[in-house]
Every structure is written in C-alpha cells, then in structure tokens.
Amino acid sequence: MPTASGEHIPISQVAEIQYSLGPQEIKSEDTNFPREAFGDLGYNIAINGQKGFNGVAILSKLPLEDVTRGLPGDPGDDQARWIEATVTGGATVRLCALYLPNGNPAPGPKYDYKLAWMARMKARAAALLATEVPVVLAGDYNVIPQAEDAARPEAWVADALYLPESRAAFRRIEYLGYTDAFRARDPRPGQYSFWDYQAGAWARNNGIRIDHLLLSPQAADRLVNAGIDRAVRGDDKPSDHVPVWVELDA
DNA sequence: ATGGTAGCGGTGCTA
C-alpha cells in the first residue's frame with residue numbers, strides 16, 4: 001500500500017484495485033478530506049463524506065468517471081457508506097467503496113438497519129451485474145463469513161458481525177455471482193483483516209476477516225492475485241483494520 | 001474478567 005498507510009488520517013481499511021484505493025471511515029466532510037496530500041501523489045479523488053462518522057472515498061491514479069454517492073433504495077438514509085466510480089484508462093472497472101453498518105447491539109434498531117442496508121446492497125449488486133461491466137465491491141463489510149474467518153468464533157455467536165442473518169445476507173450477495181477475491185486465492189483459515197484495539201487482540205492474533213473485495217464474473221476473470229497486508233497492524237498508531245487488495249489484469 | 005482501546009468532538013457515542 002504505497003500511500004495510504006503513511007497518512008495521518010483515520011483510514012480504517014483500504015482496498016487497492018490496480019492504482020485505486022477505496023478507504024472507509026474517513027470520518028470527515030468532503031471539505032476536510034486531505035485532497036492536497038493525495039492530489040500531490042497523483043490521485044484523482046471522489047468523496048462521499050460525513051461529519052464525525054462513516055464516510056467513504058475512491059482514490060485513483062487512473063481517471064474516474066460517473067461518480068455516484070449513496071446506496072439506492074432509501075432516500076431517508078443520510079449515512080455516507082457507499083460511493084461508486086468507473087475507473088478508466090486501463091480496463092474499465094466499476095468500483096464501489098462501501099462501509100457496511102456494524103449492526104450492534106443485536107437485536108435492535110441498528111441491527112435492523114444493517115439487514116435492511118444489506119438487502120439494498122444486494123439489489124444494487126444485482127443491477128451492477130446486469131451492466132456486464134467488471135464490478136469490484138470493496139470495503140468494510142462488518143461480516144465474518146465463516147468460522148475460519150475468526151480466531152475465536154465462539155466469542156462472536158451473538159454479535160451482529162457473525163449472526164446467521166448477517167452471514168446469510170452476505171452469501172445472498174455472493175450467490176448473485178460475486179467472488180470473494182481473497183478467499184478464492186487463499187483457502188487457509190486464520191487470515192484476518194481486523195484486530196480490536198482492546199484486550200491485546202493484535203498481540204494474541206485474536207482477529208477476524210471482515211474486509212472483503214467481491215468481484216463480478218467479468219472482474220473475477222481478470223483476478224491475478226489478492227492479499228491482506230497484515231504487517232501494518234504492527235505499525236505505530238495503526239488502524240484496527242489493515243489493507244485488503246486485489247490485482248486485476250488491465 | 002460484561003472490562004478493555006481509539007477517534008471524534010467536546011463528555012458520550014460509535015466501533
């Protein structure tokens with residue numbers, strides 16, 4: 001991750017697609033985002049920001065076109081958790097950066113919002129498939145897909161990140177025809193993207209895999225490699241998430 | 001062990 005990990009901005013997770021980044025939880029309004037820092041590095045910038053919480057962006061050294069902000073399906077939803085842009089200049093990709101609701105405590109209104117948001121995401125994911133443009137859905141999904149994606153799955157059984165309804169909603173999106181890029185490349189258990197700040201989770205490797213890149217068939221056909229940059233979790237003042245990335249053929 | 005830590009924004013919420 002050549003740029004984002006060295007910045008003093010609260011990037012909780014970064015996905016890299018060719019030369020593109022999709023950070024979540026930027027926790028800033030559009031006007032406060034460090035545009036100059038990234039612009040000086042040659043990035044084009046598209047932001048869906050929000051004061052204090054949430055916020056997503058797409059940064060790319062390739063041109064960005066047709067930027068849209070917000071997840072369709074609920075005009076009353078004012079949380080900045082979704083942005084799309086078409087990355088051009090190489091092979092065209094529709095890139096979506098998403099910050100899926102955490103959903104805790106469950107049950108409750110936050111969990112209801114999470115599940116409703118995931119139903120809307122499924123509808124948008126299906127509509128994007130119909131375009132037949134390669135699609136990458138990148139972000140913090142706040143979903144642990146399987147037991148092997150948690151060091152201590154028993155600790156998560158009542159948590160919104162692992163409840164059966166959350167995992168089923170994630171699978172429904174996959175079953176539309178999307179590929180979990182990291183899992184397709186690496187079947188080993190114990191590969192995590194998040195370690196809590198509390199209770200020495202990083203020192204104990206008590207992690208979970210909740211940051212994912214889902215690829216449409218046209219994008220999956222171009223998948224060269226995928227990985228998780230776990231080492232940066234050991235940096236000074238790290239995010240609790242680490243970058244998850246894919247390399248796609250141009 | 002129902003805590004623990006971090007960021008934001010201004011002392012409690014969200015994760």
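Two strands count as paired if DSSP finds at least two bridges between them, and helices (H or I, at least four residues) and strands (E, at least two) are simply DSSP runs numbered from the N terminus. The model is predicted, so local features need pLDDT of at least 70 and side-chain atom pairs count only at pLDDT 80 or more, while totals for chains, interfaces and linings use all residues. Residues are numbered from 1 along each chain as its sequence is written, with chains lettered from A and ligands numbered from 1 in the order in which they are written.

**View 1. The open sheet, strand by strand.** Six strands line up as β5-β6-β7-β8-β12-β9 in an open sheet with mixed pairing. β5 (64–69) and β9 (179–180) sit at the edges with a single partner strand each, so one side of each has no neighbour in the sheet. As a reminder, strands of a sheet pair through backbone hydrogen bonds, either parallel or antiparallel.

**View 2. Strand β8 and its two pairings.** β8 (residues 135–140) and β12 (residues 211–215) run antiparallel to each other, paired over five bridges. Is β8 mostly covered or exposed? Mostly covered: six of its six residues are buried. Buried here takes 20 or more other C-beta atoms within 10 Å of a residue's own, exposed takes 12 or fewer, partly exposed is in between, and the C-beta atoms are placed from the backbone.

**View 3. Helix α3 and its covered side.** Which residues of α3 are buried? They are S166, A169, F170 and I173. These cover an arc of only 100° around the axis, which puts them on the same side of α3; the arc is that of the directions from the helix axis to the C-beta atoms. An α-helix has 3.6 residues a turn, so residues three or four places apart point the same way. The cover over the buried residues of α3 includes α2 (109–131) and β12, with contact meaning C-beta atoms, placed from the backbone, within 7 Å. P164 and Y175 are exposed on the other side of α3. Just after α3, G177 takes a positive phi of about 135°.

**View 4. Inside the largest nonpolar core.** A nonpolar core is a set of buried Ala, Val, Leu, Ile, Met, Phe, Trp, Tyr and Cys residues joined through C-beta atoms within 7 Å. The largest one has 66 residues, and A57, V136 and L213 touch the most other members. Strand β7 (residues 93–99) supplies the largest share of this core, six residues. Leaving out residues up to four places away in sequence, A57 touches P23, I26, F33, I45, A46, I47, I83 and A97.

View 5. Most residues other than glycine have a negative phi, and most peptide bonds are trans. The loop between β7 and α2 holds P105 and P107. The peptide bond from N104 to P105 is cis, with omega near -5°, and the one from A106 to P107 is cis too, with omega near 0°. K27, in the loop between β2 (20–21) and α1 (35–40), has a positive phi of about 50° although it is not a glycine. With 19 other C-beta atoms within 10 Å, K27 is partly exposed. K237 is not a glycine either, and has a positive phi of about 50°; look for K237 in the loop between β13 (223–228) and β14 (244–248). K237 counts as exposed because it has 5 C-beta neighbours inside 10 Å.

**View 6. G22 and S239.** G22 is in the loop between β2 and α1 and counts as buried, with 31 C-beta neighbours inside 10 Å. G22 and S239 are 217 residues apart along the chain, and their C-alpha atoms are separated by 15 Å.

Terms used: Contact = placed C-beta atoms within 7 Å.
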